Amino acid sequence: MSEADNKHTQQEETVDSPDVHFEPVVKLKDVVVKTHEEDENPIFKMRAKLFRFDTEANEWKERGTGDVKLLKHKETDKVRLLMRRDKTLKVCANHYITTDMVLSPNIGSDRSWVWNVAADLVDDEAERQLLAIRFANSENANKFKDAFEHAREVNKELASGSKDKVIEKKEEEKKNVEEKEEDTKNEPQSDDKDKSAESGGKESEKTDAEKKD
């Protein structure tokens, strides 16, 4: 058989396969991944590198590089600091900015700050940490300092306002109790007392009538 006959035979044996569509056995639903930032507005965002001080090793250890953000809650207005690592987006800093937090210059650097955190919530565990953050230049570092200190003042005012509200609520409750006690004192005698007095009067009249008889 010639080469041309072989080609012709192969073409005749080739059959186009029909389009085959397989339905998946399990249909996967879209999963909504929450970052817990949905109820907050970012008021500051800048790229930086974060470090923590390891007391056991007595040295600074890198925690990660990424965007450090200050987030303001939409309802409470409270501000917290949040930083995630690049790519993995794993949290490397997460804490509210409290009144006792003070940024101190890192020795030998004009683009780095150090501060103490009483409760840094990372990996679902709140830990006391000494943190340091470093920016690309001193200008960025100063912008972070301004935003950080502004957030601290906002949280301070909110905390003070909460205390005032608690005091006002207690005073209001005390006033309501005093008013109720005063109303109780000024209330007229009850019907039972009136009936008792009336019954006593009738018995007295009856006794007098019996004496006359």
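Which element gives the most to the lining of the largest pocket? In this predicted model, where residues are numbered from 1 along each chain as its sequence is written, local features need pLDDT of at least 70, side-chain atom pairs count only at pLDDT 80 or more, and totals for chains, interfaces and linings use all residues. Side-chain values use heavy atoms, with hydrogens and water left out.

The contribution in question comes from β4, which gives four residues, the most of any element, to the lining of the largest pocket. Strands and helices are taken here as DSSP runs numbered from the N terminus, a helix being H or I over at least four residues and a strand being E over at least two. A pocket is defined on a 1 Å grid over the protein atoms alone, as an open set of points where a 1.4 Å probe fits, with protein on both sides within 12 Å along at least five of seven lines, and its lining residues have an atom within 4 Å of a point. The largest pocket has a volume of about 340 Å³, the volume being the space filled by probe spheres set on the points, which are joined across faces, edges and corners. Its lining comprises 17 residues, of which R80, L82, V91, N94 and L121 lie nearest the centre, and β3, β4 and β6 each supply at least two of the lining residues.

The strands are arranged in an open sheet of seven, in the order β4-β3-β2-β1-β7-β6-β5, with antiparallel pairing; two strands are said to pair if DSSP finds at least two bridges between them. The edge strands are β4 and β5 (104–105), each of which pairs on one side only. Between β6 and β7 the antiparallel pairing runs over nine bridges, and S112 stands opposite R134 of β7. The loop between β6 and β7 holds D123, a residue other than glycine whose phi is positive, near 60 degrees. A second case is K87, which is likewise not a glycine and has a positive phi of about 70 degrees, and which is placed in the loop between β3 and β4. For comparison, most residues other than glycine have a negative phi. With relative accessible area as the criterion (buried under 20%, exposed over 50%, partly exposed in between, for a 1.4 Å probe and protein chains only), K87 is exposed at 84% and D123 is exposed at 54%.

The largest nonpolar core has 26 residues, and those with the most contacts inside it are V68, L81, W115, I133, F135 and F144. Such a core is a set of buried Ala, Val, Leu, Ile, Met, Phe, Trp, Tyr and Cys residues joined through side-chain atoms within 4.5 Å. Two or more residues of this core come from each of β1 (40–54), β2 (59–73), β3 (79–84), β4 (91–96), β6 (112–122), β7 (125–134) and α2, with α2 giving the most, namely six residues. In soluble globular proteins, nonpolar side chains tend to be buried together. When neighbours within four places in sequence are left aside, F135 is in contact (heavy atoms within 4.5 Å) with M46, R47, A48, V68, R111, W113, N140, A141 and F144.

Nine salt bridges are present in the structure, a salt bridge being a side-chain nitrogen of Lys or Arg within 4 Å of a carboxyl oxygen of Asp or Glu. Side chains of opposite charge can pair when their charged atoms come close. In the bridge between D54 and K61, the closest N and O atoms are 2.9 Å apart; D54 is buried, with a relative accessible area of 10%, whereas K61 is partly exposed at 33%. Helix α2 (residues 138–186) contains K143 and E139, four residues apart and thus about one turn of the helix, and their side chains meet in a salt bridge of 3.8 Å, N to O; K143 is partly exposed, at 40% relative accessibility. Also in helix α2, E149 and K145 are four residues apart, separated by about one helical turn, and form a salt bridge in which the closest N and O atoms are 2.8 Å apart. Both count as partly exposed, E149 at 24% relative accessibility and K145 at 22%. Elsewhere, E37, K69 and R84 are linked in a network of salt bridges.
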